[in-house]
Amino acid sequence: NELLTLGLEALQNGHTVLRLKQGDPYIYGRGSEEFAWFEERGYRPTVLPGITSALSAPLFAQVPATSRGVSDQVLICTGTGRKGKAPEPPTYNGSMTVVFLMALHRIGELVGSLVAPSSPILREEEQQKVGEDQVFVNGGGWPEETPCAVVERASCSDQRVIRSTLQFVVQAVEAEGSRPPGLLVLGKACEVLKGRGGARWVVEEGFGGFQGLDDVVGLHGGGGEMREMVAERVRDRGDV
């Protein structure tokens, strides 16, 4: 709460306070909690929307979140629950794209829970009858051949995409190493635009999301200013 306290003190002294977050402040950004915190103290923040990496990173990796006839649902999940506890995996749905944020540090455990068979949740009275030596896993029931993609440092010059399946993605990350921050995209939409050509996994290096931008902005004038702005932001921050 140190940052919130500093912000409150500045407001009380007549200053304007900007709380800058990456992406969408309400998608795992604690934005709603901070909004309520200031409102309870007599200050109502103005919240401006951002673009969450859960949607922009797959786009830069040429993975459409939805695609007609392939994926008609998008689910955004966290790979790390409260106090580090692993959240329950989503149940398999062949027409759904799932994006896991904050999950690559425990990708082995996550994938294990996703491919584990789905079992019914025990009622409370049944749980009391379960011995301590018995373990019941409510897995997601996802097929091992489900396509997936690890997208790391999206929009940065050293962006990397690892395309694989649930069967081999853990092995791929172990072999290629980690390059945080990153996320895991899961579902058939991962192979709509780009496939693996039968390989266990393929690695794509570099960011090409702004290819052709010079030509586009040049058609409408002001191309030089736009190019310089984009180049400066990419140079200084490595993202947009």
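Reader: Why are Arg41 and Glu40 said to form a salt bridge?

Author: A salt bridge is a side-chain nitrogen of Lys or Arg within 4 Å of a carboxyl oxygen of Asp or Glu. The closest N and O atoms of Arg41 and Glu40 are 3.6 Å apart, so the pair meets that limit. This is a predicted model, in which local features need pLDDT of at least 70 and side-chain atom pairs count only at pLDDT 80 or more, while totals for chains, interfaces and linings use all residues. Residues are numbered from 1 along each chain as its sequence is written, and side-chain values use heavy atoms, with hydrogens and water left out.

Reader: What makes Glu40 exposed?

Author: Its relative accessibility is 63%. Exposed means over 50% relative accessible area, buried under 20%, and partly exposed in between (1.4 Å probe, protein chains only), so Glu40 counts as exposed. Arg41, at 36%, counts as partly exposed.

Reader: How many salt bridges are there in the whole structure?

Author: A search finds 11. Another of them joins Glu191 and Arg196, with N and O 3.0 Å apart. At 33% relative accessibility, Glu191 is partly exposed.

Reader: What does the salt bridge between Lys21 and Glu34 tie together?

Author: The closest N and O atoms of Lys21 and Glu34 are 3.2 Å apart. Lys21 lies in the loop between α1 (2–12) and α2 (31–40), and Glu34 lies in helix α2, so the pair links parts that are 13 residues apart in sequence. Helices (H or I, at least four residues) and strands (E, at least two) are DSSP runs, numbered from the N terminus. Lys21 is partly exposed at 24%, whereas Glu34, at 10%, is buried. Arg19 also belongs to a network of salt bridges with Lys21 and Glu34.

Reader: What makes up the largest nonpolar core?

Author: A nonpolar core is a set of buried Ala, Val, Leu, Ile, Met, Phe, Trp, Tyr and Cys residues joined through side-chain atoms within 4.5 Å. The largest one has 21 residues, and those with the most contacts inside it include Phe100, Ile107 and Val150. The elements that give two or more residues to this core are β2 (96–101), α4 (107–115), β3 (147–152), α6 (169–176) and β5 (182–186). A second, separate core has 12 residues, among them Ala61 and Cys190.

Reader: Which residues does Val150 touch?

Author: Contact means heavy atoms within 4.5 Å. Leaving aside residues up to four places away in sequence, Val150 touches residues including Leu104, Ile107, Ile162, Val169 and Leu184. Ile162 is also the bridge partner of Val150 in β4.

Reader: Why are β3 and β4 said to pair?

Author: Two strands pair if DSSP finds at least two bridges between them. β3 and β4 (residues 160–165) have 6 bridges, in the antiparallel sense, so they count as paired.

Reader: Where is Gly69, and is Gly69 buried or exposed?

Author: Gly69 sits in the loop between α3 (53–60) and β1 (73–78). Its relative accessible area is 83%, so Gly69 is exposed. Gly69 and Ala189 are 120 residues apart in sequence and 9.8 Å apart in space, C-alpha to C-alpha.
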